[in-house]
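Hi everyone, thanks for coming. Let me put the structure up on the screen, and then we can walk around it together.

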Amino acid sequence: MRIQIKETVDKIGQSVELAGWVDVRRDHGKLIFIDLRDETGVIQLVFTPKSKDYELASSLRPEWVIKVSGEIKARPDNMINADIETGKVELPVENLEILNEAKTPPFPLDTDGLDIDEELRLKYRYLDLRRKRLQNNLRLRSQFVEKIRRQLFANGFSEIETPMLTKSTPEGSRDFVVPSRMYPGSFFALPQSPQQYKQLLMASGFEKYFQIARCLRDEDLRSDRSFEHSQVDIEMAFVSQEDVMKTIEEMIITVFESMGKKLQTKPFPVFTYKEAMEKYGADKFDMRSDEEKEAGVLAFAWVKDFPFFEKNKEGKWTFTHNPFSHAKAEHVGDLLKGENIENILTPQYDLVCNGYEVGGGSIRAHKAEMLRAVFKIMGYDEATIQDQFGHMLEAFDSGTPPHGGIALGIERLIMILTGEQYVREVQAFPQTGKGHTSVMDAPSKLDEKQLKELKLKVTSEND
Ligand code: ASP
């Protein structure tokens, strides 16, 4: 039975079987040393000219996949490598089997890789992911998600999936769309977020919902923006703004402290939008001293009570954060009447950490008249409101409880945890900065048969 490399430290004197990749080969006179790598670490393999498979060992190249067996030996004191966990042991190999050979990789895998052309790295992403930095990033991401799930389940939340094939919604970005074969000329939109579905789940009587949700937005790509991202998407019924903030704050503290992180201030400082603008001149800010930055401290804060509306480039009112939000109690009258629009505040709360916005949510409208009033202020006529949001208005008229929620950006949080500057460094198979999924060479053209089936005609290939 194969064991993993990190287990070898407790196996001195025992016969084991290991498998993994050739990390480095060093020839010292007649001795051949191979660093064998698996998911858990690296161990030194030793071949002497007397070894049965010495000849085979001399053919090994980096990244070949091999299986070896032998008896784990303690290294002599002067040969101990104190830098690695398995530096006290080595394996004189009795049997070697080559499971697969490998071409020479197109770039080195033993560096951080940041200086390598991104298109190339992403074309060979499966190799790129072998580097330690990315292994660590993705494993940390997995641990983070596991801890979040644990915490939410412990607090009575249910994890519920919502559709990927859905309808265009005004979340503020361009939609990715999918043509429908069964309804030629009609299109699904991929979700920019599960916002409407999570609210509908509140109407359905699920009082504590969450989902590790994939969100798709056809936006220009930036260092911290990608077409796809994941968020911890949460919604709760019968809650106040303070209830949601408290639930999330407790979860964040538990999860990050259990990951060994030091948090600057607990409970998290809370600023109104107005206070934040006065104090920091921005609604996201970094409260850490230089020493705290150095020490990897996380400084979380809340910003709450944002203006509901702002004027867009055409001089029309649009929402600042989320059109599905409630108004602050004292501004409900103005919202319903469409008066004093610039002064209407919403119980929206953003979670800020180390200068980034890492989450945002709000208490929502749960009555049809309020949602209708929001879209009226934004200049929608009744027919458009019915066409686009009739389903929400009807659900609200069917006994939807008061509710609110939040979404936390997983990539942003992992970027903060790992110190990465680019969102792509914390995703397994991201799109390139130029918008391709390189490994698969997507997007790609459809063949004539597929186009015909979808009743689509491509009229222009270059804009
Ligand atoms: N739907 C919002 C977003 O994706 C978050 C929320 O209000 O829950 O940004």
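**Salt bridges, ligand and a surface patch**

Let's start with Glu-257, which counts as partly exposed at 34% relative accessibility (partly exposed sits between buried, under 20% relative accessible area, and exposed, over 50%, with a 1.4 Å probe and protein chains only). Its partner in a salt bridge is Lys-266, with the closest N and O atoms 2.7 Å apart; by salt bridge I mean a side-chain nitrogen of Lys or Arg within 4 Å of a carboxyl oxygen of Asp or Glu. Lys-266 is partly exposed too, at 46%.

A word on the ground rules. This is a predicted model, so local features need pLDDT of at least 70 and side-chain atom pairs count only at pLDDT 80 or more, while totals for chains, interfaces and linings use all residues. Residues are numbered from 1 along each chain as its sequence is written, and side-chain values use heavy atoms, leaving out hydrogens and water.

How many salt bridges does the structure hold? There are 34. In one of them, Lys-67 meets Glu-17 at 3.9 Å, N to O. Lys-67 belongs to strand β4 (residues 65-71) and Glu-17 to strand β1 (residues 15-28), so the pair ties together parts 50 residues apart in sequence. Helices (H or I, at least four residues) and strands (E, at least two) are DSSP runs, numbered from the N terminus.

Now look at Arg-133 and Glu-425: are they buried or exposed? Both are buried, and their closest N and O atoms are 2.9 Å apart in a salt bridge. They also belong to a network of salt bridges that includes Arg-121, Asp-128 and Glu-420.

On to the ligand. A side-chain N or O atom of Lys-198 is 2.7 Å from a ligand oxygen. For Arg-217, a polar side-chain atom lies 3.2 Å from an oxygen of the ligand, and for Gln-231 the distance is 3.3 Å. The protein covers 83% of the 270 Å² of accessible area that the ligand has on its own, using Shrake-Rupley with a 1.4 Å probe.

Finally, the surface: Tyr-126, Phe-429, Val-439 and Met-440 make a nonpolar patch of about 440 Å². Patch residues have over 30% relative accessible area and no salt bridge, with nonpolar side chains joined within 5 Å and like charges within 9 Å. Tyr-126 lies in helix α3 (residues 125-128).

Note on methods:
A polar contact is a pair of N or O atoms within 3.5 Å; within protein, one must be able to donate a hydrogen and the other to accept it, and residues adjacent in sequence count only if both atoms are side-chain atoms.
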